[in-house]
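Subject: A structure for you to look at

Hi there,

Here is the structure I promised to pass on. Have a look at it first, and then read my notes below.

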Amino acid sequence: MKPTGIEAIVCEDIAARQQLGINKYGTTVADNNLSLREWLEHQYEELLDAAVYCRRAIAEIDKQSATAPEEEDRE
């Protein structure tokens with residue numbers, strides 16, 4: 001069964017990231033001989049970046065909510 005919907009998009013994103021990594025590093029993750037600790041360091045750095053991106057998005061939503069006109073009472 002071929003993935004559809006969001007799952008298909010995620011699969012396409014993974015394939016695109018793999019190609020980007022091959023182009024940048026000349027190897028795939030499976031063929032890269034980093035130590036387990038090095039892999040965990042990479043993951044940790046990526047998670048830190050993700051936390052920053054998430055917090056930035058939350059700040060943007062909060063900013064938009066603060067400047068949005070309030071709805072009038074419809075009672």
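I6, I9, V10 and I14 make a nonpolar surface patch of about 380 Å². A patch here is built from residues with over 30% relative accessible area and no salt bridge, with nonpolar side chains (Val, Leu, Ile, Met, Phe, Trp, Tyr) joined within 5 Å and like charges within 9 Å. Areas were computed by the Shrake-Rupley method with a 1.4 Å probe, and for residues only the protein chains shown count as cover. I6 counts as exposed because its relative accessibility is 61%; the cut-offs are under 20% for buried, over 50% for exposed, and partly exposed in between (1.4 Å probe, protein chains only).

Please keep in mind that this is a predicted model, where local features need pLDDT of at least 70 and side-chain atom pairs pLDDT 80 or more, while totals for chains, interfaces and linings use all residues. Residues are numbered from 1 along each chain as its sequence is written, and side-chain values use heavy atoms, leaving out hydrogens and water.

Now for the whole chain. The protein chain has 2 helices and 0 strands, taken as DSSP runs numbered from the N terminus (H or I of at least four residues for helices, E of at least two for strands). Its C-alpha trace spans about 65 × 35 × 20 Å along the principal axes. The radius of gyration is 20 Å, whereas a compact globule of 75 residues would have one near 11 Å; this value is taken over C-alpha atoms, and the globule rule is 2.2 Å times the number of residues to the power 0.38. Of the 75 residues, 3% count as buried. The accessible surface of the chain comes to about 7400 Å², with 57% belonging to carbon and sulfur atoms.

How many salt bridges are there? The count is 2, using a side-chain nitrogen of Lys or Arg within 4 Å of a carboxyl oxygen of Asp or Glu.

- R37 pairs with E41, with the closest N and O atoms 2.0 Å apart. The two are separated by about one helical turn, because they lie 4 residues apart in helix α2 (residues 36-67). R37 is exposed at 57%, and E41 is partly exposed at 35%.
- E60 meets R56 at 3.2 Å, N to O. Both lie in helix α2, 4 residues apart, about one turn of the helix. E60 is partly exposed at 28%, and R56 is exposed at 52%.

Best wishes
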